[in-house]
Amino acid sequence: MNKIKSVKDVTIVLMAHDRVDMIAEAIESLFLQNNINIVISDNSETDCVESFVRNKYPHLEYVRRKNYPASELHFNEILKNITSRYFMVFHDDDILIKNAIDGMLKVLEGDSTISAVYGNAFIIKGMNRTKRTLINNNVLPVVIKNAQELAEKYILFNSIGAAPFSGYL
């Protein structure tokens, strides 16, 4: 078992799968966050992501998960190995804005009844970011009080205020 080493309160696990053309931008957006532990968890079919990450970002923790080809198995293995107080599962095609984690932490630590927070996202069509956001700002903020509410938001993605799981902290 590969326990994810963390001395910081927040670990962001970037799930990678054969998208070496996108992962650099995702990683660079994580460098715009404060005081986080970054882990690359790669279940790629090829060695392209591993080679890229080990060459360009040798200081990052990298875990190869060849035995978890299905994304849900990959995700479950990540969950088993988190040791930090907070975590976010991120994808190789996601980008965080500067200091996004600071804002999320402020919300989480400001209200002990909140179990999870997430940020809004811009919709990307092709290679272009649109002005449309994933969640209509009229329904924000969405408060999630427990694990069941988090699961329901994720499983019932068409519910009001649902965000992709990779945006939750």
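Is Glu50 buried or exposed? Select Glu50: it is buried, with a relative accessible area of 19%. Buried means under 20% relative accessible area, exposed means over 50%, and partly exposed lies in between (1.4 Å probe, protein chains only).

Two notes before moving on. This is a predicted model, in which local features need pLDDT of at least 70, side-chain atom pairs count only at pLDDT 80 or more, and totals for chains, interfaces and linings use all residues. Residues are numbered from 1 along each chain as its sequence is written, and side-chain values use heavy atoms, with hydrogens and water left out.

**Stop 1: the whole chain**

Show the cartoon. The chain has 5 helices and 6 strands. Helices (H or I, at least four residues) and strands (E, at least two) are DSSP runs, numbered from the N terminus. Follow the chain along the sequence and the pattern reads β-α-β-α-β-α-β-α-β-β-α. Of its 169 residues, 41% count as buried.

Switch to the surface. The chain exposes about 9900 Å², and carbon and sulfur atoms supply 53% of that area. Accessible areas come from the Shrake-Rupley method with a 1.4 Å probe; for residues, only the protein chains shown count as cover.

Now consider contacts, meaning heavy atoms within 4.5 Å. Among contacts between residues at least 6 apart in sequence, 65% join residues at least 24 apart.

**Stop 2: helix α2**

A salt bridge here is a side-chain nitrogen of Lys or Arg within 4 Å of a carboxyl oxygen of Asp or Glu. Both residues lie in helix α2 (residues 48-56), 4 residues apart, about one turn of the helix. Arg54 is partly exposed, with a relative accessible area of 44%.

With Glu50 and Arg54, they are linked in a network of salt bridges. Across the whole structure, a search finds 6 salt bridges.

**Stop 3: Asp93 and Arg19**

Select Asp93 and Arg19. They form a salt bridge, with the closest N and O atoms 3.4 Å apart. This pair links distant parts of the chain, 74 residues apart: Asp93 is in the loop between β4 and α4, and Arg19 is in the loop between β1 (10-16) and α1. Asp93 is partly exposed at 35% relative accessible area. Arg19 is partly exposed too, at 31%.

**Stop 4: Arg85 and Glu109**

Next, pick Arg85 and Glu109. Here the closest N and O atoms of the salt bridge are 3.8 Å apart. Arg85 lies in the loop between α3 (71-80) and β4 and Glu109 in helix α4, so the pair ties together parts that are 24 residues apart in sequence. Arg85 counts as exposed, at 57% relative accessibility. Glu109 counts as partly exposed, at 49%.

**Stop 5: two asparagines**

Which phi value does Asn35 have? It is near 55°, a positive value in a residue other than glycine. Find Asn35 in the loop between α1 (20-30) and β2 (36-42). It is exposed, with a relative accessible area of 60%.

Finish at Asn99. Its phi is near 65°, again a positive value in a residue other than glycine. Asn99 sits in the loop between β4 (86-91) and α4 (100-110). At 32% relative accessibility, Asn99 counts as partly exposed.
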